[in-house]
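Hi,

Here is the structure I promised to pass on. Have a look at it first, and then read my notes below.

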Amino acid sequence: MNVRRLATGLAVNRLLFGASFVAAPERSSRSWISIDAATGGGRVMTRATGARDLVLGLGALRALRTGADARPWFAAHLVSDATDFLATWAERRELPKPSVAYALTMAGASTAIAAAYLLEPDAQEDPR
């Protein structure tokens with residue numbers, strides 16, 4: 001699988017995660033890091049993160065599909081995902097182990113895909 005396809009998959013995945021965080025924060029947050037989004041603060045944080053992911057996914061997908069420069073979008077993905085990874089790692093003792101494993105795996109893989117896209121010279125070439 002080439003880097004451009006992985007990047008497209010990352011953008012779609014982020015868009016879907018973002019939409020679910022905004023639409024159903026109570027359910028989405030439990031599968032992500034096991035926070036209680038039944039509270040107002042939990043819903044705010046989950047929806048805010050969801051809006052970030054929704055916009056990053058839409059922007060990256062649009063750039064990939066139109067041939068625009070997607071590198072700024074994937075630089076933002078990289079910073080967001082690396083921050084998610086580091087924040088989860090820092091709080092790992094306060095979170096359930098399955099949630100930590102899930103969050104670290106998702107954030108780590110997403111960071112790696114964004115980095116690979118940014119480092120791949122042929123990734124910007126439109127295959128159409």
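**How the helices pack**

H1 and H4 pack with their axes 12 Å apart, at an angle of about 60 degrees. That makes H1 oblique to H4. As for the terms, roughly parallel is for angles under 35 degrees, roughly antiparallel for those over 145, roughly perpendicular for 65 to 115, and oblique for the rest. Axes are lines fitted to C-alpha atoms, for helices over the stretch in contact, and the angles run from 0 to 180 degrees between N-to-C directions. Why these two values? Two packed helices are described by the angle between their axes and the distance between the axes.

Before I go on, keep in mind that this is a predicted model: local features need pLDDT of at least 70, side-chain atom pairs count only at pLDDT 80 or more, and totals for chains, interfaces and linings use all residues. Residues are numbered from 1 along each chain as its sequence is written, and side-chain values use heavy atoms, with hydrogens and water left out.

On the H1 side, Ala7, Leu10, Ala11 and Arg14 meet Phe74, His77, Ser80 and Asp81 in H4. Contact here means heavy atoms within 4.5 Å.

H1 also packs against H5, at an angle of about 135 degrees and with the axes 9 Å apart. That makes H1 oblique to H5, and H1 passes H5 in a left-handed crossing.

**The chain as a whole**

What does the secondary structure come to? It is five helices and zero strands, and along the sequence the pattern reads α-α-α-α-α. Helices (H or I, at least four residues) and strands (E, at least two) are DSSP runs, numbered from the N terminus. Of the 128 residues in the chain, 35% are buried. Buried means under 20% relative accessible area, exposed means over 50%, and partly exposed is in between (1.4 Å probe, protein chains only). Among contacts between residues at least 6 apart in sequence, 68% join residues at least 24 apart.

**Rings**

How many aromatic pairs does the structure hold? There are two. Phe17 and Phe21 form an edge-to-face pair, 5.8 Å centre to centre with 85 degrees between the planes. They are four residues apart in helix H1 (residues 3–23), so about one helical turn separates them. Phe21 counts as buried because its relative accessibility is 4%.

Phe74 and Tyr117 form a tilted pair, 4.6 Å centre to centre with 40 degrees between the planes. This pair links distant parts of the chain: Phe74 is in helix H4 (residues 71–90) and Tyr117 in helix H5 (residues 97–119), 43 residues apart. Both Phe74 and Tyr117 are buried. For the rule, rings of Phe, Tyr and Trp (its six-membered ring) pair if their centres lie within 6.5 Å; planes under 30 degrees apart count as stacked, over 60 as edge-to-face and the rest as tilted.

Arg92 lies over the face of Trp89, at 3.9 Å from the ring centre. A charge sits over a ring if NZ of Lys or CZ of Arg is within 6 Å of the ring centre and within 35 degrees of the ring normal.

**Three residues to look up**

- Ser110 is in helix H5 and counts as buried because its relative accessibility is 9%. Leaving aside neighbours within four places in sequence, Ser110 is in contact with Leu10 and Asp81.
- Val100, also found in helix H5, is buried, with a relative accessible area of 9%. The C-alpha atoms of Val100 and Thr88 are separated by 6.6 Å, and the two residues are twelve apart along the chain.
- Thr83 is found in helix H4. Buried or partly exposed? Thr83 is partly exposed, with a relative accessible area of 46%.

Cheers

Key: A crossing is left-handed if the near helix is turned anticlockwise from the far one by less than a right angle, and right-handed if clockwise.
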